[in-house]
Amino acid sequence: MSKNQEALEEHEEHRDTEALLAVLDAADRLPDSTRLRARSYELLSLVPDSTVVDVGCGAGRAVAELAERGVRAVGVDPSPWMLAAARERWPEAEFREAGAEALPFADASVRGYRADKVFHVLQEPGRAVAEARRVLCPGGRIVLVGQDWDAIMIDSDDAALTRTIVHARAELMGTPRAGRQYRGLLQDGGFDDVTVEVHTSVFTDPAMLSLLVRLAEPVCASGAIGRDQADEWLAEQRRRAETDRFLVAIPFFVAAASAGG
């Protein structure tokens with residue numbers, strides 16, 4: 001690969017990261033998202049001064065919020081662009097570059113493990129669960145949070161096209177239905193006292209239009225729908241946003257468990 005090609009790929013990755021950050025920031029500021037993060041922290045059963053890792057930490061908001069609760073919070077993410085944004089936003093926090101399948105921690109050295117909107121991008125989520133089990137100490141807590149990409153609900157005049165877009169976008173993910181699989185993954189991974197909750201977040205803010213663009217454009221690029229169909233569907237959603245008729249509902253699964261002795 002030439003240097004020009006490498007530079008172009010880096011530019012594209014940076015641009016995509018910026019676009020993703022804009023979507024995540026808009027979602028994270030909404031009351032439902034704030035409550036969901038707070039619930040995940042509660043399920044971690046935080047122990048003061050213990051180490052808690054936030055896997056796939058993105059721009060680091062949860063790491064900062066966990067640190068405010070009196071633990072040593074460490075953010076881990078495989079993207080150098082995301083980590084750069086996190087370090088800029090939270091200069092006092094601790095971040096490390098790593099993927100969910102190979103964490104930079106010794107065996108049984110972590111008290112809490114949290115992964116939010118991570119497992120759906122993994123090809124082998126079972127490997128990540130095994131790695132979580134390795135780094136957690138006996139009695140440590142794991143909390144997984146994530147949407148089910150095949151169950152996103154969008155109000156639209158064209159229900160059939162909407163179903164096609166949602167399903168086709170899900171099929172482009174590594175493990176799009178990971179949320180509904182959390183319970184089985186944790187049981188198979190040797191965790192105890194597994195619990196599962198489902199919290200449905202409802203988005204009516206026009207700022208979330210960017211999420212629908214990120215749904216439709218990859219589906220169009222894959223050939224599952226035509227360019228005209230994508231443009232028409234997005235135009236309708238923009239009209240809905242302008243007239244306060246925009247609505248997206250996403251079920252989020254929250255699974256928690258304990259590491260045995």
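Which residue of β4 is the bridge partner of V53? It's Y113. Keep in mind that this is a predicted model.

**Strand β4 and its partners**
- β4 (110-116) has 6 of its 7 residues buried, so the rest of the structure largely encloses this strand.
- On one pairing, β4 lines up with β1 (residues 51-55) in the parallel sense, over 4 bridges.
- β4 also runs parallel to β5, and 6 bridges join the two.
- Y113 turns up here again, standing opposite I142 in β5.
- To get from β4 to β5 the chain goes through α5, making a right-handed β-α-β crossover.

**Helix α5**
- Within α5 (residues 125-135), the buried residues are P125, A128, V129, E131, A132 and V135.
- Those residues span an arc of only 160° around the axis, which means they sit on the same side of α5.
- The cover over them includes β4, β5 (136-147), α7 (178-188) and β7 (191-203).

**Nonpolar cores**
- The largest nonpolar core counts 48 residues, and I152, I154, M208, L212, W233 and V248 have the most contacts inside it.
- Helix α8 (residues 209-222) is the top contributor to this core, giving 6 residues.
- Another core, of 31 residues, lies apart from that one; V53, V74, V76 and L185 are among its members.
- Back to M208: setting aside neighbours within four places in sequence, M208 touches V23, A26, A27, L30, F203 and F246.

Conventions
Residues numbered from 1 in each chain as written. Predicted model: local features only at pLDDT ≥ 70, side-chain atom pairs only at ≥ 80, totals over all residues. Heavy atoms only, no water. Buried < 20%, exposed > 50% of the residue type's maximum accessible area, 1.4 Å probe, protein only. Arc of directions from axis to C-beta. Contact = heavy atoms within 4.5 Å. Core = buried A, V, L, I, M, F, W, Y, C linked by side-chain atoms within 4.5 Å. Pairing = 2+ DSSP bridges. Right-handed = clockwise from strand over helix to strand, strands pointing away.
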